[in-house]
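Colleague: I would like to learn how to read the packing and the charged pairs in a model of this kind. Could you take me through them one feature at a time?

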Amino acid sequence: MKANNASLAVAAILAGGVIPAQALELYVDTKTQQVFTAPGKNRVRLGEFQKVDETAGSKSSTADAGELERKLDQKKVELEAIEARLDKKQASLKSIDEKLDKAQVAAAPAKDGAHVKLGENGLELSSDDGNFKAKIGGRLQIESQVNWNDPDSPAGADLSNGVGIRRARLYTDGTIFKDYEYRFEYDWARNNGGTQGVTDAFLKYVHFKPFAITIGQQNEGKSMQSVMSNNYLLFNERSLPNNAFIEAGPNSKYQLGVTAETYDKAWQMPYTIRGGITTESLGAPAPGTSSNNPNGNINRNAFSGDISYQLVGRGTLVPYMDKEGNFLHTGLWGSWRSINNNYNPDGTLRDGGWQYVSAPDTNVDRTNWANTGNLTNPGAGFEAKEVAMLGAELAGSYGPVHMAAEYMQAQPSGKGYDSDDVLTGYYVEGGWLLTGEHRPYDEKKGTWGRLAPNHNFIFGNGWGAWELAVRFDSLDMNTKNINGGALAAGTIGLNWYLTSHVRIITDWVHVFSTSTGSAGKCTYPATQTASDSIGCFNGLNPDMWQTSVRVDF
């Protein structure tokens, strides 16, 4: 490198015109700085010089040679300074390379390394190589209900005031070797514990993301409102038809089965597709379950018959969504279920069957004012063998305003039923975020997501997010051959999001109409497997004030 630098320096001297053209060729050694008249190794041509008379030009020649030597010495000094600066730069680059090497070594994943994180998503553990992840979280929802019952309501038909724990869940979920995801969740407030407290218990294969296959107990995937987490509900309770057809009684939305799902965008329009086959809920109360009961699989010890199974599917499409998050959501879902009916030798029903029930939008006293009773009743000549369900969804948001509406129906078929026996329900709801937030949309699930306040509640610095909401919902389970009751209610709610994980909900609910007279006379005690006692609620129009504090992590 030094020889090359010297050559450049000498060339610069020549280019600057240090030595005028002469007839004699001279060469300089780049190492010793000696001048030669013949070429050689490490010699650089200086130029041509003319021979002059020694006597006449001795003084001039001597002066020229001295000037040349002086300038060569000067360039040598300059060259040495350049080389010193280059050496310094090389040392600096070497130091930088050493630091980068150390940083890369520090950033490289350890063979058996792991780290723990406690934050917004709960307690998270993960291996440094990304193969394993685990998370622990939960939710606690404490509810209260104060009622203004009709003064002339029948004895025992009044709704009760009270305070209770609506949900108390702990869960763990995570990843195994990147391709497998799992989730297990237990709710201590769900159906008095036991296996009925299990909500999610599944394994999901996600190697071909966004396509995934899930096996185990899981959300069956009906309705925008029921696919959504209860952490994000607009009101304390889901709508009347959601409670009757999806959430309550034996037909809980958490069912054992196998499903496949995917999500993506088509022409910039987000969509989801999900479907599969499910059986029944683990430990759900009869009717609606046979072998999956809290006491174990009785098929191994005694005859109990087959369980029911269901084919279910849902698809959503967002035909409009802009950069600000304003959107329009559409969705359709449907299912077909075979119903298990297990009989005793004398022809009476031993277990199985199916029914639909719903409370009047209450969160503490959840007495079923609407109840079809078991749709299989051999004594009355009815045997429900199948039930088909259908639902349609419409939702959207624009700035701080959002709305949603759903229609759904269930139609049993079999002995004693015909095409007029269609149970129906719908709801229309909307909200306005007074503090200017935008209710988010979950493109992977096709439903509402978690709302985060613009400013968390910190006394003196922020007041969280405030939301005003209204809803009207209706359920009609009175048909030609079914006396399940009909309800219509309206709700006004106020939500305070202290943070994205802490919320206070307060709702005022008014029951506009209760039509249960066709179910028969008012009899007590009420039962969850028969509809005769719901006649006690006919014509009642109570008001309810419901409040809840909800925390999840």
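Colleague: Which residues touch the most other members in the largest nonpolar core?

Modeller: In this predicted model, that core holds 34 residues, and F245, Y356, L475 and M477 are the ones that touch the most other members. At least two residues each come from α4 (240-247), β19 (383-398), β20 (401-415), β24 (465-478), β25 (483-497) and β26 (502-515), with α4 giving the largest share, four residues.

Colleague: What does M477 touch, leaving aside residues up to four places away in sequence?

Modeller: Its contacts include A244 and F245, Y356, the run A370, N371 and T372, and also L423 and I482. A second, separate core, of 11 residues, includes M224, M228, F327 and A404.

Colleague: How should I read the charged pairs, and how many salt bridges does a search of the whole structure find?

Modeller: As a general idea, side chains of opposite charge can pair when their charged atoms come close. The search finds 20 salt bridges here. In one of them, D552 meets R450 at 2.9 Å, N to O; D552 belongs to strand β27 (residues 543-552) and R450 to the loop between β23 (447-448) and β24, so the pair ties together parts 102 residues apart in sequence.

Colleague: Is D552 buried or exposed?

Modeller: D552 counts as buried because its relative accessibility is 10%, where the cut-off is under 20%, whereas R450, at 25%, is partly exposed.

Technical notes
Residues are numbered from 1 along each chain as its sequence is written. This is a predicted model: local features need pLDDT of at least 70, side-chain atom pairs count only at pLDDT 80 or more; totals for chains, interfaces and linings use all residues. Side-chain values use heavy atoms; hydrogens and water are left out. A nonpolar core is a set of buried Ala, Val, Leu, Ile, Met, Phe, Trp, Tyr and Cys residues joined through side-chain atoms within 4.5 Å. Buried means under 20% relative accessible area, exposed over 50%, partly exposed in between (1.4 Å probe, protein chains only). Contact means heavy atoms within 4.5 Å. A salt bridge is a side-chain nitrogen of Lys or Arg within 4 Å of a carboxyl oxygen of Asp or Glu.
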